[in-house]
Amino acid sequence: MFIDLDHFKDVNDVLGHSVGDLLLQEAATRLLAALREGDLLARVGGDEFVAMLPGIESAQNASVIATKILDTLKTPFFINEEEILVSASIGICCYPQDGQDVESLLRNADTAMYEAKSAGRGTWRCYSRAMTVAARRHMELLYALRQAIDHGELSVVYQPKYDARTEKLSGFEALLRWEHPKFGAVNTHEFITVAEQGGVIDDLDYWVLKQVCEQISDWRRNGLSPPTIAVNVSAATLHDRDFVTTVSQTLQEQKIAKDWIQLELTETALLPSFDRPDSALNQIRALGLGISIDDFGTGYSSLSYLRKLPVTELKIDASFVRDIATDRDAATIAETIFAMARSLELNVVAEGVETAEQLAFLRNLGPLQIQGFYFSKPLSARDTQILLADIARNAVNN
Ligand SMILES: [Mg+2]
């Protein structure tokens with residue numbers, strides 16, 4: 001059993017190493033108490049423990065003890081009068097089926113532990129062969145992704161947004177694509193997750209922002225006037241110390257006006273800093289950039305924080321739009337989100353619109369933009385340029 005305390009680094013960083021050390025001792029005492037007589041517990045690294053449990057026949061049986069360990073950690077720790085909450089992620093593997101020697105057993109328990117971390121921490125996972133396959137792919141993708149920018153494998157596509165009533169083009173969302181010589185076109189959700197976990201997501205976000213700014217400059221030099229283009233920003237990038245500077249410099253370099261670009265962030269990215277006046281978000285808003293909440297309704301949506309956030313737009317998640325015309329509950333949620341957004345004077349975008357029925361329903365709600373395959377799939381930069389040129393030509397002819 002590989003046991004790793006969750007977010008232990010935060011304890012060291014915030015409360016100091018001496019508190020961290022005492023916490024480790026306390027945690028070790030509790031771990032030992034949760035084990036059986038004859039089990040062996042070892043501390044193998046900073047906040048990593050390994051437990052050896054002889055005589056257990058299946059990983060499922062070990063999970064009973066894993067659950068006991070997680071439970072015993074749930075009671076808050078009191079160290080130097082500080083109340084500290086700790087959880088752990090546990091990976092389980094079994095001799096002989098999951099490994100024939102110490103090295104492979106440790107490695108596979110470690111792999112299972114990472115699965116527990118990815119599943120949201122504070123839980124256990126039993127090792128399976130598929131985890132090694134997935135971990136290997138993850139590692140290969142991350143390695144390839146680190147070079148993807150330099151190797152010219154990334155590109156940006158533009159997902160059009162339309163005004164639901166006039167059906168006129170009203171904006172774009174810039175989306176990242178990756179075409180690798182060996183892996184082919186890698187699913188965006190997959191490689192974004194790899195980039196987030198591997199700590200390279202900020203490089204990708206900044207690259208897209210720069211790319212879009214250069215593209216807008218280029219189009220404008222050629223007499224085209226693209227509507228506002230939204231650029232996705234991940235939580236890690238928002239919390240990068242240089243975020244505000246990097247954004248404002250990139251905009252300045254290409255002389256981008258503040259309404260040519262807006263940023264899209266998910267609710268979970270926005271939450272931690274929502275009431276700090278000096279937050280990166282407030283600084284971005286002070287630059288005049290619009291801020292959109294992506295996938296709205298899937299996170300911890302709450303009115304109280306929505307009111308305090310410096311946001312300008314809200315995107316109704318595609319999962320609500322999907323059943324809007326057929327399911328009363330989905331329709332009610334969409335109506336409620338819309339009403340709430342309007343009362344806070346936010347723009348609304350409905351994502352994932354695919355049918356005429358969905359469009360008709362949304363159009364009835366009131367003024368909003370829609371995005372989805374019903375009108376258009378994401379377009380390459382070249383096709384976007386053709387679309388913009390068409391619109392410009394029609395405007396002249398009319
Ligand atoms: Mg988005």
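**Entry 1: helix 5 and helix 6.** The axes are lines fitted to C-alpha atoms, for helices over the stretch in contact, and the angles run from 0 to 180 degrees between N-to-C directions. Helices (H or I, at least four residues) and strands (E, at least two) are DSSP runs numbered from the N terminus. From helix 5, H138, L141, L142 and L145 make the contact, and from helix 6, F191, V194 and A195. Contact requires C-beta atoms, placed from the backbone, within 7 Å. Ala, Val, Leu, Ile, Met, Phe, Trp, Tyr, Cys and Pro count as nonpolar, Asp, Glu, Lys and Arg as charged, and the others, Gly among them, as polar.

**Entry 2: basis.** I recorded that the model is predicted, that local features need pLDDT of at least 70 and side-chain atom pairs pLDDT 80 or more, and that totals for chains, interfaces and linings use all residues. Residue numbers start from 1 along each chain as its sequence is written.

**Entry 3: helix 1 and helix 2.** I found that the axes of helix 1 (residues 8-15) and helix 2 (residues 17-34) come within 6 Å and cross at roughly 140°. The two helices, helix 1 and helix 2, are therefore oblique to each other. V11, N12 and L15 of helix 1 meet H17, V19, G20 and L23 of helix 2. This contact has 4 nonpolar, 3 polar and no charged residues.

**Entry 4: backbone.** I noted a cis peptide bond between Y95 and P96, with omega about 5°. P96 lies in the loop between strand 6 (88-92) and helix 4 (102-118). E167, not a glycine, has a positive phi of about 60°, and sits in the loop between strand 8 (154-163) and strand 9 (169-180). Is E167 buried or exposed? E167 counts as exposed, with 12 C-beta neighbours inside 10 Å; the cut-offs are 12 or fewer for exposed, 20 or more for buried, and partly exposed in between, with C-beta atoms placed from the backbone.

Definitions and conventions: Parallel < 35°, antiparallel > 145°, perpendicular 65-115°, else oblique. Contact = placed C-beta atoms within 7 Å.
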